[in-house]
Amino acid sequence: GIYVSYQRDTPASYLRKTTAELRTDYDYVIAGGGTAGCVLAARLSEDSDSTVLLLEAGGSELEDSLTRWLTRLPTLTPSLMLLPHLSWQYRTVPQAQAAYGFTNKQIAWPAGRMLGGSSATNYMLYTRGLSTTYDAWAAGGATGWSYADVKPFFEKVEQVIELTPTSATYFQTLTDAFLAAGKFLQRSYSNGRASIGDFYQLSSAMVDGKRWHAGIGYLFPALNRPNLHVMTHAHVTKVNIDGKRATGVSFQTQSGEEAVVMATKDVIVSMGAVGSPTLLMLSGIGPRAHLQSLGIEVIADLPVGQNLQDHLFVPVRVTLNTSVSFTEAKVTTVSELLKYALLGTGMLTESVGMPAAGSVKLGDESTAELFLYLLNIGSTSRLYQLISGLSEEAWRRFAPGIYDPSAEGCFIAPTLVYAHARGNITLASRDPFQFPSINPQYLNNDHDVEVLIQGIRLAIKMAMTQPFQALGATYHIPDFHLCAHHPADTDALYGCIVKHIAMTMYHYAGTCKMGRSSDPATVVDPQLRVKGISGLRVVDASVMPAISGGNTMAPTLMLAEKTAVDIRQQHRSR
Ligand SMILES: Cc1cc2nc3c(=O)[nH]c(=O)nc-3n(C[C@H](O)[C@H](O)[C@H](O)COP(=O)(O)OP(=O)(O)OC[C@H]3O[C@@H](n4cnc5c(N)ncnc54)[C@H](O)[C@@H]3O)c2cc1C
């Protein structure tokens with residue numbers, strides 16, 4: 001008896017297993033149970049007279065204790081990116097102007113694949129980002145999205161997440177050195193050419209040393225609501241459209257069953273900046289010529305998949321002759337990570353990743369162009385090569401001793417905040433299970449390369465400051481073959497290095513651009529409704545008109561909170 005009632009009450013028991021457990025229609029059907037999808041499902045089902053269905057292609061930690069264990073322990077984050085059932089193994093197409101050091105010139109683009117989405121596999125940094133981003137969104141036609149407008153929704157998110165400073169025990173010496181070095185830079189280089197902002201320790205979405213994600217914070221506590229249905233392993237293949245109205249979605253279940261469900265109010269697509277444009281194009285919403293070339297009937301000719309943006313960074317390797325990080329454990333492979341997990345060291349509940357950052361304005365720019373992050377992946381270097389897609393050769397030439405697990409070190413990571421490059425996502429075929437073709441067009445313009453060159457110079461200056469020198473810091477300039485003919489310490493050399501090693505911070509955004517309806521570059525209006533189609537919205541990182549000035553999880557949570565209010569108001573006032 002006890003066993004049965006325990007079973008009935010587990011959150012997993014609320015997940016729908018077969019289509020027989022679903023209704024034929026819901027008020028809202030949400031495609032994608034990721035960062036934004038979990039917020040929407042929780043908020044929309046707060047109205048007990050609204051019915052909500054959430055469909056997620058991946059599984060959930062609720063169904064599988066190994067997944068729960070892997071996702072909750074912050075140090076295991078890099079390993080999640082290698083597991084295809086937890087991360088989509090997307091990859092860019094070969095890059096013309098970037099990724100020279102990557103196998104096939106392709107950069108790995110992992111994204112979360114389970115309830116919680118990328119918030120369940122990411123590095124957990126939480127930052128609202130530069131307020132100037134949102135003011136620029138509003139000025140560009142995204143009415144209602146200025147910083148003053150969005151601030152209350154960040155505050156709402158911050159009531160749900162318990163933020164903690166990125167943690168400390170293993171990294172604090174290094175973090176302190178980085179923050180002190182930031183102060184040195186500020187004093188010495190805040191002149192006409194570069195103005196250096198404050199350096200600060202970042203906040204992390206962790207509770208008691210364990211990962212917080214949108215499933216934990218939003219969805220799981222709502223699972224017992226009778227008006228909310230959630231199905232995992234449900235791969236959405238199409239938005240069904242009748243005339244100019246979205247009527248529901250088609251999806252395939254784990255057992256391979258093809259199913260259709262109807263939405264009486266809204267279909268909400270929250271499949272992330274790769275998944276959402278892909279689904280729209282498969283459904284006939286996208287650039288006319290592209291859809292026609294694949295024989296897809298065009299229902300709305302919109303620039304879906306365009307305007308792709310990301311944050312690129314250059315890891316500058318700094319080794320130290322003082323033991324500062326991971327002093328208790330040297331972790332170089334997945335199996336070692338697991339070994340330490342089994343040993344249960346406190347290190348597992350430490351966040352690898354980026355504990356601190358500062359911003360830099362270049363020339364007479366009015367907003368920051370560069371962030372300098374402290375990247376704490378010193379002794380997980382082999383793993384890092386695997387997850388990024390860097391070639392063995394490039395990784396070996398990247399820095400001496402990179403394979404030496406006893407080498408203490410870190411990376412200083414200058415990051416391009418507002419790239420000028422605009423990439424695109426297009427369908428590779430009409431098969432909804434085939435990945436699309438992802439072309440970020442990284443570094444296809446001088447501006448982006450020049451900003452990162454200045455970033456390398458600042459990273460070097462930082463390594464030479466007294467706080468880093470006190471730890472015996474040495475910075476390393478990679479000796480890539482193709483760069484060998486450039487003289488030391490020249491822009492030409494650093495530009496060549498940028499083209500080899502600049503890599504993604506996984507902040508894919510912008511592929512279903514929001515803005516004024518009359519603007520031919522936009523896909524959704526400021527209420528995130530797809531232009532020209534009723535009953536269809538896109539709510540996730542893809543709607544950002546310009547990438548946020550900082551990591552993208554918090555802005556994605558914010559935009560889902562804000563749009564949930566819009567949706568509820570719209571339908572209440574009818
Ligand atoms: C490795 C990594 C590290 C990162 N680190 C940070 C960080 O430290 N801080 C930060 O702020 N940001 C970070 N980011 C970025 C941030 O996590 C994302 O920008 C944000 O979570 C995106 O949210 P989203 O709702 O747009 O998409 P996601 O959260 O990715 O959700 C999309 C969901 O849709 C599902 N889906 C896709 N296709 C289908 C389909 N056909 N049918 C059904 N469901 C489907 C996916 O499985 C997924 O659950 C990181 C991202 C990654 C990948």
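Which of the 40 residues around the ligand come nearest? Gly-32, Gly-34, Gly-117, Asn-551 and Met-553 do, where a residue is near a molecule or strand if its C-beta atom, placed from the backbone, lies within 6 Å of it. This is a predicted model, in which local features need pLDDT of at least 70 and side-chain atom pairs count only at pLDDT 80 or more, while totals for chains, interfaces and linings use all residues. Residues are numbered from 1 along each chain as its sequence is written. The chain has 17 helices and 26 strands; helices (H or I, at least four residues) and strands (E, at least two) are DSSP runs, numbered from the N terminus.

**The chain as a whole**

- Buried residues account for 55% of the 574 residues in the chain, a residue being buried if 20 or more other C-beta atoms lie within 10 Å of its own, exposed if 12 or fewer, and partly exposed in between, with C-beta atoms placed from the backbone.
- Of the contacts in the chain between residues at least 6 apart in sequence, 74% join residues at least 24 apart; two residues are in contact if their C-beta atoms, placed from the backbone, lie within 7 Å.

**The ligand shell and the two domains**

- The domain assignment gives domain 1 (2-62 + 214-303 + 511-572) and domain 2 (76-113 + 167-210 + 309-504), with bounds that come from an automatic or database domain assignment.
- Both domain 1 and domain 2 give residues to the shell around the ligand, so the ligand lies between them.
- At least two residues of this shell are supplied by each of α2 (35-44), β5 (108-112), β12 (235-242), α9 (272-282) and α17 (553-572).
- By class, the shell has 17 nonpolar, 20 polar and 3 charged residues; Ala, Val, Leu, Ile, Met, Phe, Trp, Tyr, Cys and Pro count as nonpolar, Asp, Glu, Lys and Arg as charged, and the others, Gly among them, as polar.

**The contact between the domains**

- On domain 1, 19 residues are in contact with 18 residues of domain 2.
- The elements that give two or more residues to the side of domain 1 that touches domain 2 are β12 and α9, and α9 gives the most, with 6 residues.
- That side of domain 1 is made up, by class, of 9 nonpolar, 9 polar and 1 charged residues.

- UniProt, in an unreviewed entry, places the feature "domain: Glucose-methanol-choline oxidoreductase N-terminal" at residues 272-286; UniProt positions are given in the numbering used here, feature names are shortened, and annotations may be inferred rather than shown by experiment.
- The span of residues 272-286 is 73% helix and 13% strand, and its end C-alpha atoms lie 16 Å apart.
- Leu-282 has its place in helix α9 and counts as buried because it has 23 C-beta neighbours inside 10 Å.
- Not counting residues up to four places away in sequence, Leu-282 touches Thr-237, Lys-238, Leu-427, Arg-430 and Pro-432.
- Although Leu-282 and Val-239 are 43 residues apart along the chain, their C-alpha atoms are separated by 8.2 Å.

- β12 is joined by 7 bridges to strand β13 (residues 245-252), and the two run antiparallel; two strands pair if DSSP finds at least two bridges between them.
- Asn-240 has Gly-248 of β13 as its bridge partner, and in the hairpin of β12 and β13, which has 2 residues between the strands, Gly-243 takes a positive phi near 65°.
- β13 also pairs in the antiparallel sense with strand β14 (residues 258-269), over 5 bridges, and Val-249 has Val-261 of β14 as its bridge partner.
- The hairpin of β13 and β14 has 5 residues between the strands, and there Gly-256 takes a positive phi near 90°.

- Most residues other than glycine have a negative phi, and most peptide bonds are trans.
- His-233, although not a glycine, has a positive phi of about 55°; His-233 is placed in the loop between β11 (228-231) and β12, and counts as partly exposed because it has 18 C-beta neighbours inside 10 Å.
- Asp-489 likewise has a positive phi, near 55°; Asp-489 is placed in the loop between β24 (474-475) and α16 (491-501), and counts as exposed because it has 10 C-beta neighbours inside 10 Å.
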